[in-house]
Amino acid sequence: MQRWTYEEGLEQGRAERLALLVHQFERRLGRPLAPCERDTLAERVRAQGAEQVGDLVLDLSAEDLATWLDEPNEP
């Protein structure tokens with residue numbers, strides 16, 4: 001039986017949330033995310049939180065979502 005530490009559990013939860021957001025972004029955009037877009041998404045999730053970033057999938061058009069991912073310096 002594997003023993004999980006608190007930190008490992010948190011990291012697994014973060015990875016699962018990021019994977020879910022990647023899936024949602026890819027569905028909305030109709031294409032796989034480029035590696036740089038995945039990096040931008042991961043950084044924004046760390047900075048803004050998964051809930052706020054996830055709201056963008058519903059709030060923005062696919063075009064605006066792609067623009068948001070292409071502007072890595074914009075939070």
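Helices (H or I, at least four residues) and strands (E, at least two) are DSSP runs, numbered from the N terminus. With that in hand, the elements of this protein read α-α-α-α from the N terminus on. This is a predicted model, where local features need pLDDT of at least 70, side-chain atom pairs count only at pLDDT 80 or more, and totals for chains, interfaces and linings use all residues. Residues are numbered from 1 along each chain as its sequence is written, and side-chain values use heavy atoms, leaving out hydrogens and water.

**Overall shape**
- The protein has four helices and zero strands.
- Its C-alpha atoms fill a box of roughly 45 × 25 × 20 Å, taken along the principal axes.

**Inside the protein**

**Contacts**
- Which residues does Leu41 contact, leaving aside its neighbours within four places in sequence? Its partners, with heavy atoms within 4.5 Å, are Leu18, Leu21, Val22, Phe25, Leu33, Val53, Trp68 and Leu69.
- Among contacts between residues at least 6 apart in sequence, 62% join residues at least 24 apart.
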